[in-house]
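Please view the sequence alongside the structure.

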Amino acid sequence: MRILLCPSMNCADFNYLKDEIIALDEAGCDVFHIDIMDGCYMPAVSMGYHDFCCVRNNTAKPVDVHLYVNNPFPLIHIFASAGADIIYIQADSPVVVASAINQVRAAGCKPGLGINYGTSIEYVQDLLYMVDYAILVTAPHVKPRKFATHCWDKVEKLLEYRQNTPFNIILDG
């Protein structure tokens, strides 16, 4: 199993975003991770299209987009067209998640499934065969962000499902 370093660009100093991208790239990060939050799916608002473009324009490495939004459909094409490599759809998003996953693949990106620390793996099991990545959010998005230790059980269940359905497992948080 290969371990990848995927720094969250939400932690970057936005006064020096380009410099931080170049420094992370030179330090050997594998994938740049970008959370897109609309303030509706969850109360936070985070990075947007122009932030994504800054990252994409300053690295040749893969860039993923984690859509923490109520309606991912209009954003899938926008970020795919701008060069996203992986797009995550939240499993508990209030849309037909399977349709959104299919749209991600049709747009030429690798689809991923976002799983919150409070969502059961059994709830998402029927979607795992459709994706290339499953990202497990292991901490709440409130400070202090502490690892939810019950997520180790979720990781074990994902590893079991992966025996029959190949997908990569990413831990977030």
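Which pattern does the protein chain follow when read along the sequence? The protein chain follows α-β-α-β-α-β-α-β-α-β-α-β, and its secondary structure comes to 6 helices and 6 strands; helices (H or I, at least four residues) and strands (E, at least two) are DSSP runs, numbered from the N terminus. The radius of gyration, taken over C-alpha atoms, is 15 Å, close to the 16 Å of the globule rule (2.2 Å times the number of residues to the power 0.38) for 173 residues, so the protein chain is as compact as a globular protein of that length.

This is a predicted model, in which local features need pLDDT of at least 70, side-chain atom pairs count only at pLDDT 80 or more, and totals for chains, interfaces and linings use all residues. Residues are numbered from 1 along each chain as its sequence is written, and side-chain values use heavy atoms, with hydrogens and water left out.

Along its principal axes, the C-alpha trace spans about 40 × 35 × 35 Å. Of the 173 residues, 45% count as buried, that is, under 20% relative accessible area (1.4 Å probe, protein chains only).

Helix H1 (residues 17-27) and helix H2 (residues 49-57) have axes that come within 9 Å and cross at roughly 40°; axes are lines fitted to C-alpha atoms over the stretch in contact, and angles run from 0 to 180 degrees between N-to-C directions. H1 is therefore oblique to H2, a class left once angles under 35 degrees (roughly parallel), over 145 (roughly antiparallel) and 65 to 115 (roughly perpendicular) are set aside. Leu-17, Lys-18 and Ile-21 of H1 make the contact with Asp-51, Cys-54 and Val-55 of H2, where contact means heavy atoms within 4.5 Å.

Terms used
Buried means under 20% relative accessible area, exposed over 50%, partly exposed in between (1.4 Å probe, protein chains only).
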